Number of protein chains: 2
Amino acid sequence: MVLQVHHRIVTHRIRIKDIALQAGVSTGTVDRVLHNRGEVSQATRDKILSLIQESDYTPNLAAKSLANRNPYRIAVLIPEGDVTNPYWKMPLRGIRRAAREIRDYNTGIEIYRFDMDSRSSFQTRLTEVLKSNPAGVVLAPVFQDQAAEFLKQLNDKGIPCVLIDSRLRKSNYLSAFGQDALKSGFLAARLMCFGIRPGSSILLLKLARPDGIIHHLSRRAKGFSGYIGKCTPSKDISIRTLTIDLTAPGEPAASLDKAMAEQPDIAGIFVTSSRASVVAEYMESRNKSEIILIGYDLTEANRKYLKNGTIDFLISQKPDDQGYNSIMTLCRYLVFKLLPVRIQYSPIDIITKENIDFYQT
Amino acid sequence: MVLQVHHRIVTHRIRIKDIALQAGVSTGTVDRVLHNRGEVSQATRDKILSLIQESDYTPNLAAKSLANRNPYRIAVLIPEGDVTNPYWKMPLRGIRRAAREIRDYNTGIEIYRFDMDSRSSFQTRLTEVLKSNPAGVVLAPVFQDQAAEFLKQLNDKGIPCVLIDSRLRKSNYLSAFGQDALKSGFLAARLMCFGIRPGSSILLLKLARPDGIIHHLSRRAKGFSGYIGKCTPSKDISIRTLTIDLTAPGEPAASLDKAMAEQPDIAGIFVTSSRASVVAEYMESRNKSEIILIGYDLTEANRKYLKNGTIDFLISQKPDDQGYNSIMTLCRYLVFKLLPVRIQYSPIDIITKENIDFYQT
């Protein structure tokens, strides 16, 4: 009887949704297999393909014909996700996920990547994007002055822009995605002070770009210092801010060695960026793993040091979802002229060695 | 030009997905409005209905005709979600969400609720469910011996069963949803020990049902004690376990007053169940809010005491998703005969005053 019902569904009309339910995967995964895009395991792919062969599934022809006319083109401007910027691999995954979904809506994506340490590479990409005259832009506004000028030019051309990972004060944009940086700094300080001995010192580490500090990293630092100043007078905790240029030779070891020598009571380190792993590596080399270390983002290197206990807490903001939602927001605006909420906050998730295996990114 | 494209999409073929994208809501929300089910705000409902009227959307007739033949009936057996068991409102939300989605698959849900403090009400519902001869069962196995016997009878009849919130050792079930209770207790102890002064005492509180202790609560306690025993010898932390029957008059105050008098150095309390709020209420009445309090689940009462700082950490397991996934797993099995993973672990999320507003439940 069960097989009859199965058969009945199949002969009526098979949808991507049916294949997905049957395979126990998302519709997005089925779509990836149908369009031969990567990131699906061979086992899952085989299962889905055999389910499709057994069914009478045919792609949506209406959507196909639609896709051949005047497509919307979204330009995405984000940093390269390499060894020095491992964070950016994560939103890119979500952007790719969105790209697959919005093709039904006659919308395509072009990705422009720049070197996060190079103001000129950023400018080069901005100029290219302006020339290409896209329908909309998703932008990581790393160099704020140039990004603000770029936004003005987009405004003049009537091109909507969604910001990702950081806001631009006083600029005109459609929507901005990111964490409430001040509150995430506040949470980091709360965790730090919860664990630290009274009378200790904390190091607030800015692993800065040579060419200016990114706005949301400053906000994290401000939230962190603000909590320490207001909420822990009884604990007598002092805080010292240190800026290290990771591109300089011998860093961060040289600056950290100096700071530790000057202030041997440092019991906690807070790293405002996603590069806590380089501090963890240093701490292990100096046998200082007992220092509390708190940082941001589930990069591969950070995961490793969280799991072995050198990093105590990582704060995560689901960057994959940020990438996905930035594209979907722009698509909704382009296709249906729907205005989104201006600021869209991401989660401030606390990840530890004990819960990382159960965390749903 | 934009409006032309909009129009083109509309005249081709309008799907629930299009309406959802246009309205900026999930397809589930559109479905709720289409089928006149609750839990959608009036503003959203109006927006969706006007979008539908402007479009040429017509419901899927194939799915409709299918729905009239031999429906699958899933029986759900869970506790009442009242004042003493506020937790159970949460998985029920996910079960309702699933119920709306699976109607396309010719599957309906009947919910049987029992009194968590009454073994006989549990037995009454079990008997009713067996009599009704459902296609499948979702069960919260609160009274473990009765639940084990019930599972045997379901097995004899060939009725598959999915467990929710707790496992049943040595029983035969299709799949079980819940947190890794041992590891969540471990995490709670890690947080507690991170914050507590060396030489203090911790109270491990079991707010027990009069009729036996629920399996996963014991596992949380075991994980908690295990961490304290192994990982913190240097901190010299002692732990005392106390069981309080909340249905007894004057509790929990009577037992807590006694424990505090006997052991004035108690600096932390861990509550294994979702009822940390009753301990928070007690602590406020005795001006003991400086004691570290860690508990489980984002019930309304717990949220209140987390926000005002009396509860320090709540551990959450996304019970809404547990409810949803238990139904979807059973539906996949019934409709497509797909065997699920036997144990499906939920997240072990850490919620504080600082990140609760950004938490996606």
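**Exercise 1.** With which residue does A:D257 form a salt bridge, and how far apart are the closest N and O atoms?

*Solution.* This is a predicted model, in which local features need pLDDT of at least 70, side-chain atom pairs count only at pLDDT 80 or more, and totals for chains, interfaces and linings use all residues. Residues are numbered from 1 along each chain as its sequence is written, chains are lettered from A and ligands numbered from 1 in the order in which they are written, and side-chain values use heavy atoms, leaving out hydrogens and water.

Step 1. A salt bridge requires a side-chain nitrogen of Lys or Arg within 4 Å of a carboxyl oxygen of Asp or Glu.

Step 2. The partner of A:D257 is A:R286, with the closest N and O atoms 2.8 Å apart.

Step 3. A:D257 belongs to helix 11 of chain A and A:R286 to the loop between helix 12 (276-285) and strand 9 (292-296), so the pair ties together parts 29 residues apart in sequence. Helices (H or I, at least four residues) and strands (E, at least two) are DSSP runs, numbered from the N terminus.

**Exercise 2.** Is A:S166 buried or exposed?

*Solution.* Step 1. Buried means under 20% relative accessible area, exposed over 50%, and partly exposed in between (1.4 Å probe, protein chains only).

Step 2. A:S166 has a relative accessible area of 6%, and therefore counts as buried.

Step 3. A:S166 is placed in the loop between strand 4 (161-164) and strand 5 (175-178) of chain A.

**Exercise 3.** Which residue of chain A forms a salt bridge with B:R190?

*Solution.* Step 1. The residue is A:E354, at 3.0 Å between the closest N and O atoms.

Step 2. This pair crosses between chains, from helix 9 (residues 181-195) of chain B to the segment after strand 12 (349-351) of chain A.

Step 3. Both B:R190 and A:E354 are buried.
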